[in-house]
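Here's a quick briefing to read with the model open beside you.

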Amino acid sequence: MEAHSTAAVTDRGRRSREAIVDAAADLMYRNGVAGTSLDRVLTASGAGKSQMYHYFKNKDQLVEAVIDRYLEQILGNQPAIRGLASWADFDRWAEELLGLHRGPDGPIPCPLGNLAGELGDHPRVRTLLDRAYREWESYLERGLKTLRDNGLLRADADPARLAQATMACLQGGLLLAHIRGESTPLEDVLRIAITHLRSHAV
């Protein structure tokens, strides 16, 4: 009976933390970090102050959790990125991204890009954002390494630099697509990025 009670408390605590992070992520995405007070997060999540401060000592810690949540959502919206093993997979990944941003709510601003624009000069946040971008980028690098190992990418190609260039193209395309309200900037940069990657094919 005691073990069951402990598990229940743990599950409740996990759900409470998730609700706080989800509420903060949504509010910060729509209103920015400066425009999101902890009181608004509490109201939106239905959590109490004691729960909030049990998991997060301050707003900075909450922002860190939100960055992790944004990355989780981003990767969840592009499942093809987790299984890049052929050039066709890279084409599929690009089309998957374009499909998301061609939808009725698109083009969708990148939540990490939003935070970078608002807080990119903050040393701690910059480090956290870089870590998130590098994890996102790592799936591209891993796919390119797989292509190289399978003889589909030139042996002298640098998967890390190619992945970094692809991410730079993607972020610029996302920014312009959002500002201009149409997906052609993203379509163009993804085509350029894939063409650049394929220029290193065997």
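How much space lies in the second largest pocket? About 170 Å³, where a volume is the space filled by probe spheres set on grid points joined across faces, edges and corners. This is a predicted model, so local features need pLDDT of at least 70 and side-chain atom pairs 80 or more, while totals for chains, interfaces and linings use all residues. Residues are numbered from 1 along each chain, and side-chain values use heavy atoms, without hydrogens and water.

**Pockets**
- A pocket is an open set of points on a 1 Å grid over the protein atoms alone, where a 1.4 Å probe fits, with protein on both sides within 12 Å along at least five of seven lines; lining residues have an atom within 4 Å of a point.
- In the second largest pocket, α7 (123-149) and α8 (159-180) each supply at least two lining residues, and α7 has the largest share, 6 residues.
- Helices here are DSSP runs (H or I, at least four residues), numbered from the N terminus.
- The largest pocket has a volume of about 280 Å³, and among the residues closest to its centre are Ile-74 and Pro-111.
- Domain 1 (1-57) and domain 2 (59-199) both line the largest pocket, so it lies between them; the bounds come from an automatic or database domain assignment.

**Helix pair**
- Ile-67, Tyr-70 and Ile-74 in α4 meet Pro-111, Leu-112 and Leu-115 in α6, with contact meaning heavy atoms within 4.5 Å.
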